[in-house]
Amino acid sequence: MSGLKEVHFAFGGFIPKKENEKKAFFEPYITKGIPLVCYESPNRIQQTLEFIQTLPVSHLVVAKELTKTFEKVWRGPPETIIPEILSSNLKGEWCLLFTFYPPDPLLDVSIFVTLCKKENI
């Protein structure tokens, strides 16, 4: 459903309410590049989506009302899908999946291979 190739991920439960707690919550996943699945309440989804735009998120999957009649899933880079989500009805249960940019792009083999192909190395 996510459309991501990652097999392993972490489940974080609900995202903390306070901004400094959010930063601390996301830091280990960002540092290690671990995909993260979380829940969010409809009361905080707008604030959380705005906060996400400050993180190094490479791909975001946001699902609303999973397993229900009006299930809706958005996939893509945060800057592309967040405006669309914010313009929709924010009521309902939310599930978010984040993948993060690697801390050091040279450690990500796929980026290295792409760069080598681009430069004909």
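Colleague: How many salt bridges does a search of the whole structure find?

Modeller: In this predicted model, a search of the whole structure finds three salt bridges.

Colleague: What makes the pair of Glu40 and Arg44 a salt bridge?

Modeller: The side chains of Glu40 and Arg44 meet with N and O 2.8 Å apart, and since the term asks for a side-chain nitrogen of Lys or Arg within 4 Å of a carboxyl oxygen of Asp or Glu, the pair qualifies as a salt bridge. The contact between these two side chains, at 2.8 Å, is also listed as a polar contact, a term whose cut-off is 3.5 Å.

Colleague: Why is Arg44 called buried?

Modeller: Arg44 has a relative accessible area of 16%, and buried means under 20%, so Arg44 counts as buried. Arg44 sits in the loop between S2 and H2, and, leaving out residues up to four places away in sequence, Arg44 touches Phe14, Ile15 and Lys17.

Colleague: Why is the pair of Glu93 and Lys68 said to tie together parts of the chain?

Modeller: Glu93 lies in the loop between H3 and S5, whereas Lys68 lies in the loop between S3 and strand S4 (72-76), so the pair ties together parts that are 25 residues apart in sequence.

Colleague: Why is Lys68 called partly exposed, and why is Glu65 called buried?

Modeller: Lys68 stands at 38% relative accessibility, and partly exposed covers what lies between the 20% limit for buried and the 50% limit for exposed, so Lys68 counts as partly exposed. Glu65, at 18%, falls under the 20% limit and therefore counts as buried.

Colleague: What makes Phe9 exposed?

Modeller: Phe9 has 54% relative accessibility, and exposed means over 50%, so Phe9 counts as exposed. Phe9 lies in the segment before strand S1 (10-14), and together with Phe11, Phe14 and Tyr39 makes a nonpolar surface patch of about 470 Å².

Colleague: Where is Pro102 found, and why is Pro102 called partly exposed?

Modeller: Pro102 is found in the loop between S5 and helix H4 (109-118), and its relative accessibility of 25% lies between the limits of 20% and 50%, so Pro102 counts as partly exposed. The C-alpha atoms of Pro102 and Val57, 45 residues apart along the chain, are separated by 9.5 Å.

Colleague: Which residues touch the most other members of the largest nonpolar core?

Modeller: Of the 25 residues in that core, Phe26, Leu36, Val62 and Phe98 touch the most other members. Helix H1 (19-32), strand S2 (36-40), helix H2 (45-52), strand S3 (57-64), helix H3 (78-86) and strand S5 (94-100) each supply at least two residues of this core. Apart from this core lies another, of six residues, among them Val37, Ala63, Cys95 and Leu97.

Colleague: What is the order of the elements from the N terminus on?

Modeller: The elements of the protein chain run β-α-β-α-β-β-α-β-α, which comes to four helices and five strands.

Definitions and conventions. Residues are numbered from 1 along each chain as its sequence is written. This is a predicted model: local features need pLDDT of at least 70, side-chain atom pairs count only at pLDDT 80 or more; totals for chains, interfaces and linings use all residues. Side-chain values use heavy atoms; hydrogens and water are left out. A nonpolar core is a set of buried Ala, Val, Leu, Ile, Met, Phe, Trp, Tyr and Cys residues joined through side-chain atoms within 4.5 Å. Buried means under 20% relative accessible area, exposed over 50%, partly exposed in between (1.4 Å probe, protein chains only). Patches are made of residues with over 30% relative accessible area and no salt bridge: like charges are joined within 9 Å, nonpolar side chains (Val, Leu, Ile, Met, Phe, Trp, Tyr) within 5 Å. Accessible areas come from the Shrake-Rupley method with a 1.4 Å probe; for residues, only the protein chains shown count as cover. A polar contact is a pair of N or O atoms within 3.5 Å; within protein, one must be able to donate a hydrogen and the other to accept it, and residues adjacent in sequence count only if both atoms are side-chain atoms. Contact means heavy atoms within 4.5 Å.
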